[in-house]
Amino acid sequence: PSEGKSLTAANIAISYAMLGKKTLLIDADLRKPTQRRLWKLDVSAGLCDFIAGICRLELVKVKELPLWIVGAGTIPPNPSELLSSDRMKSFVTDISKRYDYVIIDTPPIGTVADALTIGKVADGNILVVRSGYTKKVLVRDTIERLKVTNQPLLGIVLNRVDVSRNSSSYYKGYGDYYG
C-alpha cells in the first residue's frame, strides 16, 4: 500500500497513448480502487460488475488520446474469486486483441493474492517500489513469488526518490534544472 502503483499505472497508460498506441487502463483493485478518483470518472459500473455478469462493460474514453479506462465498479465480497474466474481470463485474452497495450492496476502483491492471480493472464508485471519506504525483504519476496509462479517481471519502477539526499555529483543541480 502507498507505493504509487495506481498513479504509475495511469502514467504508463498515458505514455503509451501519447505515442499513439491504443491503450486500455483497467482498475482491477477490487478492494481499494483508485482510478475512478484519479480520473474523476462519472461511472458506477466497472470491471467487477462486468465479470459478475451484472452489466455490460463501461469504457471511458480520455479526450484527445487513444486511451480508454475501465473502473473497478462495485466492490464485491469476493474479489479473489472474481479475478480468478474463467470470465476474467477470457476478458483479458479478448481485450488484449483489441488494444496495443492493456495496463492492469492491481492491489499490492504482498498483501493479497489478487495481483498474482491477474499476473497469470498478463504478459508481464511491473513492480512499483517507493524509495525509502518499501522494505528490501518485501521486494525480494515479491520477485521470488513471481519466479515461483512463472510470471515475467518486466521491470521495477522506483518512485519518490529524494535526489537531494544523494551526494553523488551526478545528481547535483538536478533539482535546479528541473525544479
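A residue counts as exposed when its relative accessible area is over 50%, and as buried when that area is under 20%. Values in between make a residue partly exposed. In this predicted model, Lys 40 has a relative accessibility of 72%, so Lys 40 counts as exposed. Lys 40 is found in the loop between helix H2 (35-39) and H3. Its phi angle is near 55 degrees, which is a positive value in a residue other than glycine.

Glu 64 also has a positive phi, near 65 degrees, and is likewise a residue other than glycine. Glu 64 sits in the loop between S2 and S3. With a relative accessibility of 81%, Glu 64 counts as exposed.

Another loop residue is Arg 56. This residue lies between helix H3 (47-51) and strand S2 (60-62). Its relative accessibility is 73%, so Arg 56 counts as exposed. Arg 56 and Ala 45 are 11 residues apart along the chain, and their C-alpha atoms are separated by 8.5 Å.

The protein chain as a whole holds 8 helices and 6 strands. Read along the sequence, these elements follow the pattern α-β-α-α-β-β-α-α-β-α-β-α-β-α. The radius of gyration is 17 Å, close to the 16 Å that the globule rule gives for 179 residues, so the chain is as compact as a globular protein of that length. Along its principal axes, the C-alpha trace spans about 55 × 40 × 25 Å.

Contacts across the sequence were also counted. Among contacts between residues at least 6 apart in sequence, 74% join residues at least 24 apart. Buried residues make up 38% of the 179 residues. The accessible surface of the chain comes to about 11,000 Å². Carbon and sulfur atoms account for 51% of that surface.

Aromatic rings were examined next. Two rings pair if their centres lie within 6.5 Å. By this rule the count comes to 3 aromatic pairs. One of them joins Tyr 16 and Tyr 101, whose ring centres are 3.7 Å apart. Planes under 30 degrees apart count as stacked. The planes of Tyr 16 and Tyr 101 stand at 10 degrees, so this pair is stacked. The pair links distant parts of the chain, with Tyr 16 in helix H1 (residues 5-18) and Tyr 101 in strand S4 (residues 101-105). The two tyrosines are 85 residues apart. Tyr 16 has a relative accessible area of 27% and is therefore partly exposed. Tyr 101 is partly exposed too, at 31%.

Trp 68 and Tyr 99 form another pair, with ring centres 5.7 Å apart. Planes over 60 degrees apart count as edge-to-face. The planes of Trp 68 and Tyr 99 stand at 70 degrees, so the pair is edge-to-face. Trp 68 lies in strand S3 (residues 67-70), and Tyr 99 lies in the loop between helix H5 (86-98) and S4. The pair therefore ties together parts that are 31 residues apart in sequence. Tyr 99 has a relative accessibility of 10%, so Tyr 99 counts as buried.

Conventions: Residues are numbered from 1 along each chain as its sequence is written. This is a predicted model: local features need pLDDT of at least 70, side-chain atom pairs count only at pLDDT 80 or more; totals for chains, interfaces and linings use all residues. Side-chain values use heavy atoms; hydrogens and water are left out. Helices (H or I, at least four residues) and strands (E, at least two) are DSSP runs, numbered from the N terminus. The radius of gyration is taken over C-alpha atoms; the globule rule is 2.2 Å times the number of residues to the power 0.38. Buried means under 20% relative accessible area, exposed over 50%, partly exposed in between (1.4 Å probe, protein chains only). Contact means heavy atoms within 4.5 Å. Accessible areas come from the Shrake-Rupley method with a 1.4 Å probe; for residues, only the protein chains shown count as cover. Rings of Phe, Tyr and Trp (its six-membered ring) pair if their centres lie within 6.5 Å; planes under 30 degrees apart count as stacked, over 60 as edge-to-face and the rest as tilted.
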